[in-house]
Structures are given as structure tokens and as C-alpha cells.
Amino acid sequence: MTKSPSWLPAPDDSNLPFFEGAKEGRLRLQRCNDCSAWMFPVRVRCQSCGSTNVKWADASGRGTVYTHARLQREYHPRHSGRLPLVMVQVDLEEGVRVNTNLIDCDPEKVKAGMSVQVAIEHSPSGEAVVVFRPA
Ligand SMILES: [Zn+2]
């Protein structure tokens, strides 16, 4: 029996809380204990104050589309049968920008500034992938 191809990179100690949060339906990001700034992608030091005193916390999952594009060609097993795939950069309420996919949305109707919320997509092999959908 052939195993379904992975949709995600293998988590490591630095980003495991993000992927474990996705399995629980939560968007978890790093947050600085000293200045309260949120961080993404994973960092050792706070990009705001330089502190290494960071923790993982649940983000709101709410944001707005900063920019978007459509993927028209299949580059990964994840894209199979799903084109065009809407790729977006989302500005989260927490002040960080994430690269992700937008689901449950007509690609013609995606607009910069539209409100979106986090969603979890499950791969055939059971991985939980953080994506967004219209709010
Ligand atoms: Zn800080």
C-alpha cells in the first residue's frame, strides 16, 4: 500500500507547537513575554525587542487579505484536482503576515482587504494544514 504524500514539511522542535495547534483546530504563534509582540515565522528572538523570552499562544485567527494570486499549474500532490488554488498573504489582527491558501472562495471574488478567518484543512494522510476562508 502506498502512503499518501505529505503536504507539510516535517515539524521540528522549533515549530512543533504550530503544527500541534493545527491538529487541535487552533492557530498558535509565538508571542514575546516581555513586549507582547506576536511573531511569525518562528524565531528565536523577538523581532520587536530582541528578547528570547517567548512563548506559544493562541492567535485570534482573524485577518484581512493583504495580497493574492492564483496557482494555475500543479507543482505538488496537494494541488491535484484543486486548481486554481488561491494563494494569499493574510495580515492577522496580531500584526503579523502569513503566507497561506484561501479555501471556500470563488477565485474571482478574492480582494485585498477582505476579512478572513483561519480554517484547518486535512490532507489524505491526516495532516492538519492551516488555511483561511472568507469570514
Ligand atoms: Zn519583544
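Start by selecting β4 (residues 62–71) and β5: these two strands run antiparallel, joined over 8 bridges. Strands here are DSSP E runs of at least two residues, numbered from the N terminus, and two of them pair if DSSP finds at least two bridges between them. This is a predicted model, where local features need pLDDT of at least 70 and side-chain atom pairs count only at pLDDT 80 or more, while totals for chains, interfaces and linings use all residues. Residue numbers count from 1 along each chain as its sequence is written.

Now zoom in on Leu71, which sits opposite Leu85 in β5.

Next, show the side chains of β5. Val86, Val88, Val90 and Leu92 point to one face and are buried, meaning 20 or more other C-beta atoms, placed from the backbone, lie within 10 Å of their own.

Move on to β6, which pairs with β5 in the antiparallel sense over 6 bridges. Arg97 in β6 is the bridge partner of Asp91. The two strands make a hairpin with 4 residues between them, and Gly95 in the turn has a positive phi of about 95°.

Time for the core. Which residues touch the most other members of the largest nonpolar core? Pick Leu27, Val88, Val90, Leu102, Val116 and Phe132, out of 15 residues. Such a core is a set of buried Ala, Val, Leu, Ile, Met, Phe, Trp, Tyr and Cys residues joined through C-beta atoms within 7 Å. β5 gives the most to this core, with 4 residues.

Last stop: the open sheet ordered β2-β1-β3, with antiparallel pairing. Its edge strands are β2 (38–39) and β3 (54–58).

Key:
A residue is buried if 20 or more other C-beta atoms lie within 10 Å of its own, exposed if 12 or fewer, and partly exposed in between; C-beta atoms are placed from the backbone.
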